[in-house]
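Have the structure open beside you as you read.

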Amino acid sequence: MHGGSFQFSLLAVPLWFGLLAVLPASAAPGLDTRPPNTTCLAPDRAGGTAAVNWQSADVGAVSAAGSAAWVGDSVTVRGSGADIWGTADEFHYVDKPLTGDGDLIVRVSSLSNTDPWAKAGVMLRESRAPGSRFALMMMTPGANGASFHYRTATNGNSAPPNSADKVTTLPRWLKISRRGNVVSGYHSLDGTTWTLRDSIILDLPSTIRAGIAVTSHNDGSLAAGSFSNVQLIQSGGGEATSVTVEDPFPTAPAFTQPTKLLQPPGDPSRWFVLEKTGRVKTFSTANPASVSTWLDFSAKVNTSSEGGLLGLAFHPLYPARREVFVTYTTGDPMQLIVSRLILDQVAAPSTVTEQVLLTIDEPYTNHNGGDIAFGNDNYLYISSGDGGSGGDPHDFAQNQTRLLGKILRIDAWSATGWPNPRYAISPDNPHASNARHGASTNNAACPELYACISCNPAAHWHR
């Protein structure tokens, strides 16, 4: 039976002080009866925001033009060219500027090409001009493994001796880092524990091009590299030697067991505070001393142990879409509830319609997890605890037929057709084709699951 744990959060909108909406203890689910809004359009999920500011171009005189296609934080890059080797520079490059120190991290899922020396990797490069100085941490499609290539002099040789590990295979995480004039290449199985492949002294300008490079080794044929978890992280250039703490709202009164502080999309003028006891409070940035209760869920929430109002997320199109999403614990035995709340208005909500999306049985009252957020792909991400006690005695976090101890991802974009379906399954979830979480016995992995750590048996998957 699909089970799990999650935490509750209630959301508030940027409104006037003194507004109070109380959700009935047994709110009847209803349909979204708001008038149609022709300007309320979902952003195109294909492409996401990860593609913003990344550029794509062929470097060198390739015979077949390359390309790049983004989906969320993943990109498929196709490149031709003779190689990135010796004095040759012929490949496809997807890059953006990096000023100062930083890290470029990706997960290389696959590289499709019959040539054993096709290459896919992360590169820090002086410019796109052929012959530019660079460093490249890369993978090949077969047993040739992970390599670190570099060119320290313009138009020089970029094939250092003994550059290939010849021990690693795909999929593999890659990282290339710059700290001053030291550039280092790493590879990893899990994106957490890194193996240093090599470091070099490479004098590059302050602003360089950081990106993903793919070459087929055989000019005229295209190699296809699949990359996910693309991250370009600007570094401060060293570890902090001291840390200071400052109260940003010294005039604000004390809150009761706050669980989350957030602002609605695009509105820096107002803050919302979730309290474990079930209330959402709000104050303006200009006057934090004046705090009002905006929503009150205290009649519904079971606050035992680590339970309560735990998570909140605004709809990505809020306030045009008058919807917020919350997680909370309720009942005895305790359950974790994930709900959509439809507000009659954003200025002073007086009618709140709750649509329960997920109900997850909690075997104990602690370890509920509880935060929720919309990703750049506009899917709703839900964190769930392992269900409680100590040491996860029932191994729920390792059990893919349970929702406990995981990151869940669902498509909660639209209320159309609720309650059937309550939500859609994100099509690229690992078990998207399975029957969704419900009351009936089901020994299949839950399709809501997006990420877990060492899930047994059979599949050890993480994103």
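Let's begin with Arg209, which is buried, with a relative accessible area of 17%. Here buried means under 20% relative accessible area, exposed over 50%, and partly exposed in between, using a 1.4 Å probe and protein chains only. Before going further, keep in mind that this is a predicted model, in which local features need pLDDT of at least 70 and side-chain atom pairs count only at pLDDT 80 or more, while totals for chains, interfaces and linings use all residues. Residues are numbered from 1 along each chain as its sequence is written, and side-chain values use heavy atoms, with hydrogens and water left out.

What does Arg209 touch? Leaving aside residues up to four places away in sequence, its contacts include Gln55, Tyr93, Asp95, Pro97 and Met123; a contact means heavy atoms within 4.5 Å. Arg209 itself lies in strand β15, which covers residues 207–215. Strands (E, at least two residues) and helices (H or I, at least four) are DSSP runs, numbered from the N terminus.

Strands of a sheet pair through backbone hydrogen bonds, either parallel or antiparallel. Two strands count as paired if DSSP finds at least two bridges between them. Strand β7 (residues 91–99) pairs with β15 in the antiparallel sense over eight bridges, and Arg209 in β15 is the bridge partner of Pro97.

Step back, and you can find β15 in an open sheet of six strands, in the order β2-β7-β15-β9-β10-β11, with antiparallel pairing. The edge strands, β2 (55–59) and β11 (146–151), each pair on one side only. From one strand to the next, the twist averages 25°; such angles run from 0 to 180 degrees between N-to-C directions, with axes fitted as lines to C-alpha atoms.

Next, turn to strand β8 (residues 102–112). Seven bridges join β8 to the antiparallel strand β12 (residues 172–179), where Ile176 stands opposite Leu104. β8 also pairs in the antiparallel sense with strand β16 (residues 223–234), over nine bridges, and Phe227 in β16 is the bridge partner of Val108.

How confident is the predictor? That is what pLDDT tells us, for each residue, from 0 to 100. The chain has a mean pLDDT of 82, and 83% of its residues reach 70 or more. Confidence is highest in strand β21 (residues 309–314), at 96, and lowest in strand β1 (residues 21–22), at a mean of 45. Over residues 1–49 the pLDDT is below 50.

How values were computed:
pLDDT is the predictor's confidence in each residue, from 0 to 100.
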